[in-house]
Amino acid sequence: MKMLTIKNLHASVDGKEILKGIDLDVDAGEVHAIMGPNGSGKSTLAHVLAGRDGYEVTAGTVTYQGKDLLALSTEERAREGLFLGFQYPVEIPGVSNIYLLKAALNAVRKHRGEEELDAMDFLTLVKDRMKLVEMPEEFIYRAVNEGFSGGERKRNEILQMAVLEPRLALLDETDSGLDIDALKVVANGVNVLRGPDRAMILVTHYQRLLNYVVPDRVHVLADGRIAKTGGKELAHDLEKKGYGWIEAEARV
Amino acid sequence: MGVPIDVKQTYLAAAAAVADSVPGTTHSWLRQLRERSRDRFAETGFPTTRDEAWRYTSLAALTRHAFAPAAADAGSVSKDNLQSVGLDLPAHRLVFVGGRYHAALSNPPKTDGAVFAGSLAESLAHAPDQLQEYLGAIGTPEMGALAALNTAFMVDGAYIHLGPKAVVERPIHLIYVGAPNAMTTPRTLIVAGEESVASIVEHFVGFDAQSYFCNALTEIALARAAKLTYYRVQEESAHGFHIGGVHVRQARGSEFVSNAIDLGGLLVRNDLRTVLGEGASCALNGLYAVSGRQHVDNHTVIEHAAANSTSRELYKGVLDGRARAVFNGRVRVHPDAQKSDAQQTNNNLLLSDDAEIDTKPELEIYADDVKCSHGATVGQLDPNQLYYLRTRAVDEATARDLLTFAFANDVLRRFDLAPLRVDLDRRLMDRLLQGRVIREVELV
């Protein structure tokens, strides 16, 4: 089943064209990695898909589960099961983790025509998912990401993903800035959530995460286009040879 | 067009007319105090924007016509309609209607040797000597025209006396109900003995669409090591004028916490002033959440009058519609007040392009070994936070309300009195949600 189809996607930020014709097909059940050097447009692609203000699509189409993704608001995309794990998760003083989780889950369930979870069931669900990311219980009562370390923030993103159970998860550099233990926790979370109905796109600069999460497809982004696509072995080639040869090929 | 009415003269004539019927006329000290007040008001009249302390707050709307002092039978209030505007706290309760104590709606604490809370007018009749030392001595007529006006007209209010080491377990909740088309002049006197502990809530309410003028004055004397948590909840009607003075004198080692919230009123001015003795501390927390055409001005003064005193101040504002707010925080460290420690913060959130805030710290430091800091911010909701919430399926309007509430709740969470905090949380939430729908409240 087709999860996501991107055709000839062009997008600009502040009038500068960053994405210059992206084509990508992702099926349900697949994990794709999007790699590439800094400035190649990886994060821009993630935010265009999530619907960030100021990211202007100038050409192309994005079809998500048969719908025109670009016609939906940011929150509608989230309710339709799209999840963006942030490279830099945002601090929200005064809003507790547990509150955000509940507001988010309720909004998603309401959209699906499901009833809100009662307080007990909700707490049981959250505590179960917290085990997955090895997060102590007190974290859910703290303000969202306030005073969290880099690793704690990334684990918090995975916790949110685990509670919301998205159909398509975009993880933007979720591996960056993590020590090896935190990386393993994040990777484990991703692996547990892999499933036949769910697709994942891992945006990453390094091959490191892919040692723990084995992708079905690897794409290399260079200068706003997908310059090369391959299987998991492509990530190993990049680890050995760097990005230079792909950028050189792309220029030919 | 009629002949312009001289509002000052109207108030002075009214003050002279009630001079023989107000409480305490048999006490010469009080007669003199009232005379001083009338003289003071005659001299100055209402302040104008030419006065530095009133630069950003014009009383033109208040002084367009004179409000007559509320009659003794002003406004009938039942338990039910009190409930519609009042907080339902597990507390001792003193209710004032038309500026006068309403025994049927009240349940004051049992009077024993250690604690008294009751009508100021009755205390003036029965125990005037207790009051002479304090009444008009902390919040003097010379502190301003409105303080003078209150003193000239005051007919009643609350008198709370705590003996040494008295501990009042239940909070004392004072409710002042505005009188339609009239002026009330509530007067509160709190005298807290050495090492006493209490929580007192002053709560100003009015009914929807009623215009009136509430000119309140509160005096607080804390003896050595007394601890008072003082709450001030201002929920006047959308057409109400509220002027509130709170004057505090803190003896050695006393601790004063003020938690103030302004939600109501059309034109509101609060003056909060405390004088810190040696080793005394104060924490002044304030929140103003205004919309429509509301105008709320908070002036605070902290006098570090002796050594080793500490002050913490956090005022936050949420402004929507065409609302306007003023924050002016003066901190004065006297020459002998070495090792004073003062921190002041004022943060403002503007939700509309038409809202306006004027914020001004005033630090006057005359000692050399002190720690003083201040900071003020004015801003909008953070687009990154909004985006993050929206990627978590929260719609934009809710995300805005949520972030606004979180900003304001930073003050409310400091309110130790849980039932009050929970109630205010709910009121604030209601208000923020209404803020978008009812953006405009027409001027009277």
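These legends walk through several close-up views of a predicted model.

**View 1. The four-stranded sheet of chain A.** Here four strands of chain A line up as an open, antiparallel sheet in the order β2-β1-β4-β5. At the edges stand β2 (16-27) and β5 (67-68) of chain A, each with a single partner strand, so one side of each has no neighbour in the sheet. Look next at β1 (residues 2-13) and β4 (residues 55-64) of chain A, an antiparallel pair held over eight bridges.

**View 2. Two helices of chain A side by side.** Helix α5 (residues 150-164) and helix α6 (residues 180-193) of chain A pack with their axes 10 Å apart, at an angle of about 10°. That angle is under 35 degrees, and α5(A) and α6(A) are therefore roughly parallel to each other. From α5(A) come A:G151, A:K154, A:R155, A:I158, A:M161 and A:A162, which meet A:A182, A:V185, A:V186, A:G189 and A:L193 of α6(A). Sorted by class, this contact has seven nonpolar, two polar and two charged residues.

**View 3. Around A:L170 in the nonpolar core.** The largest nonpolar core has 207 residues, and A:L170 and B:A192 are those with the most contacts inside it. Leaving aside residues up to four places away in sequence, A:L170 touches A:A46, A:L49, A:A50, A:F83, A:L84, A:G85, A:I201 and A:V203. As background, nonpolar side chains tend to be buried together in soluble globular proteins.

**View 4. The ten-stranded sheet of chain B.** Chain B has an open sheet of ten strands with mixed pairing, in the order β3-β2-β6-β9-β11-β13-β15-β17-β19-β21. Its edge strands, β3 (100-101) and β21 (371-379) of chain B, each pair on one side only. Strand β19 (residues 341-350) of chain B runs parallel to β21(B), and nine bridges join the two. One place to look is B:A342, whose bridge partner in β21(B) is B:C372. Across β15 (281-290), β17 (310-319) and β19 of chain B lies α8(B), running at about 155° to β17(B).

**View 5. Where chain B meets chain A.** In this contact, 17 residues of chain B touch 20 residues of chain A. On the chain B side, α7 (383-391) and α8 (396-412) each supply at least two residues. The largest share of that side, seven residues, comes from α7(B). By class, the side of chain B that touches chain A has eight nonpolar, four polar and five charged residues.

Technical notes:
Residues are numbered from 1 along each chain as its sequence is written. Chains are lettered from A and ligands numbered from 1 in the order in which they are written. This is a predicted model: local features need pLDDT of at least 70, side-chain atom pairs count only at pLDDT 80 or more; totals for chains, interfaces and linings use all residues. A nonpolar core is a set of buried Ala, Val, Leu, Ile, Met, Phe, Trp, Tyr and Cys residues joined through C-beta atoms within 7 Å. A residue is buried if 20 or more other C-beta atoms lie within 10 Å of its own, exposed if 12 or fewer, and partly exposed in between; C-beta atoms are placed from the backbone. Two residues are in contact if their C-beta atoms, placed from the backbone, lie within 7 Å. Two strands pair if DSSP finds at least two bridges between them. Axes are lines fitted to C-alpha atoms, for helices over the stretch in contact, and angles run from 0 to 180 degrees between N-to-C directions. Angles under 35 degrees count as roughly parallel, over 145 as roughly antiparallel, 65 to 115 as roughly perpendicular and the rest as oblique. Ala, Val, Leu, Ile, Met, Phe, Trp, Tyr, Cys and Pro count as nonpolar, Asp, Glu, Lys and Arg as charged, and the others, Gly among them, as polar.
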